[in-house]
Amino acid sequence: MLSSSYEGSILTDPNCRLLGGSRKRREPEPSRHQNARAGDFGNEAVAVVRSIAGLSLPKAAIFGNHDAWYTATPWGRKKCPYDRATEDWVQLQMELLGDADVGYSKRDFPQLGLTVIGGRPFSWGGSEWKYEAFYRDRYGVHNFAESLARIKQAVDDAAFDTLIFMGHCGPTGLGDTPESPCGRDWPPIGGDFGDPDLAAAIAYAQQQGKTVPLVTFGHMHHALRHRQDRQRQRLSRDDQGTVYLNAACVPRIVRTAAHCARNFSIVALERRQVQRTLLTWVDQRHAIVSEEDLSADVAPSKSLQALI
Ligand SMILES: [Zn+2]
């Protein structure tokens, strides 16, 4: 992810092989780049997670709600394609990612001089505490306050003062309208669907004097459900200079008879600030077929409200 200070890529594409090919063309110094993945690799798609775990690039990832699709809810468990008495694909995914899994955790990148802080893993988004048994059994967490404490602990444990936050869903405070980065675009339309614990943890880090150049997440798709004349706002910036990137460009892969393109978001950081944010499409030959500068999509500065 990083250029003269560093440049980074936030990837929404599950096909790992593309990453190495596409990046080689422009990145003579791979150790200064970081690969971040915001979850929903598939519905407990163990093979995809195994591929990501095998990437040799520095990487951090957080699981999304689809990564516990057959485990976290009663209706999901009814559709589970494997025997839950003998197998646990959620646990298997977590073991595969190992230290790259930053959910309720952090990963230090000494070569980059920064730490990636993970928000609440497997988030569905919104201000209602969901998956009670799942979080209790897997993490010993019972509510938003305990969830926030876990993320704050990761901030306190970070080796560096420059922090990048990763959530599956973005923080509360970016959902003013259905078209906002975390705005609810399904009935009943409207309302902030961000994670309140993530917002409070970011505020905590900023209050501690940490530099937070970037918060990145997915979950809330760019394509809006309630209108087709525009897409979701992808980028926002708060009054402390922190950039918030919604990287959920779905579909991740667009295929035609002769063409297959996958999208990646690329963030360039210099002097501990975001300099450039691109949405890039790469074809099957690992050639860049289009790039969109997302900087024009930045919302006016505002402060996130810590709700916890
Ligand atoms: Zn999701």
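This is a predicted model: local features need pLDDT of at least 70, side-chain atom pairs count only at pLDDT 80 or more; totals for chains, interfaces and linings use all residues.
Two residues count as in contact here if their C-beta atoms, placed from the backbone, lie within 7 Å.

In α4, which spans residues 89–97, the buried residues are W89, V90, Q93 and L97. Looking down the helix axis, these residues fall within an arc of 110 degrees, so they line one face of α4. The face turned away from the buried side carries Q91 and E95, which are exposed.

What covers the buried residues of α4? The cover includes α2 and strand β3, residues 59–61.

Take α2 next, residues 46–53. Its axis and that of α4 are 8 Å apart, at an angle of about 10 degrees. Angles under 35 degrees count as roughly parallel, and the two helices are therefore roughly parallel to each other. On the α2 side the contact is made by V46, V49, R50 and A53; on the α4 side, by W89, L92, Q93, L96 and L97. By class, that is seven nonpolar residues, one polar and one charged.

After α4 comes G98, with a positive phi near 55 degrees.

Last, the core. The largest nonpolar core has 63 residues, and V116, F165, M166, I202 and L214 have the most contacts inside it. Helix α7, residues 196–207, supplies the largest share of this core, seven residues. Leaving out residues up to four places away in sequence, V116 touches A36, A60, V102, K106, R107, F109, I164 and M166.

Terms used. Residues are numbered from 1 along each chain as its sequence is written. Axes are lines fitted to C-alpha atoms, for helices over the stretch in contact, and angles run from 0 to 180 degrees between N-to-C directions. Helices (H or I, at least four residues) and strands (E, at least two) are DSSP runs, numbered from the N terminus. Angles under 35 degrees count as roughly parallel, over 145 as roughly antiparallel, 65 to 115 as roughly perpendicular and the rest as oblique. Ala, Val, Leu, Ile, Met, Phe, Trp, Tyr, Cys and Pro count as nonpolar, Asp, Glu, Lys and Arg as charged, and the others, Gly among them, as polar. A nonpolar core is a set of buried Ala, Val, Leu, Ile, Met, Phe, Trp, Tyr and Cys residues joined through C-beta atoms within 7 Å. A residue is buried if 20 or more other C-beta atoms lie within 10 Å of its own, exposed if 12 or fewer, and partly exposed in between; C-beta atoms are placed from the backbone. The arc is that of the directions from the helix axis to the C-beta atoms.
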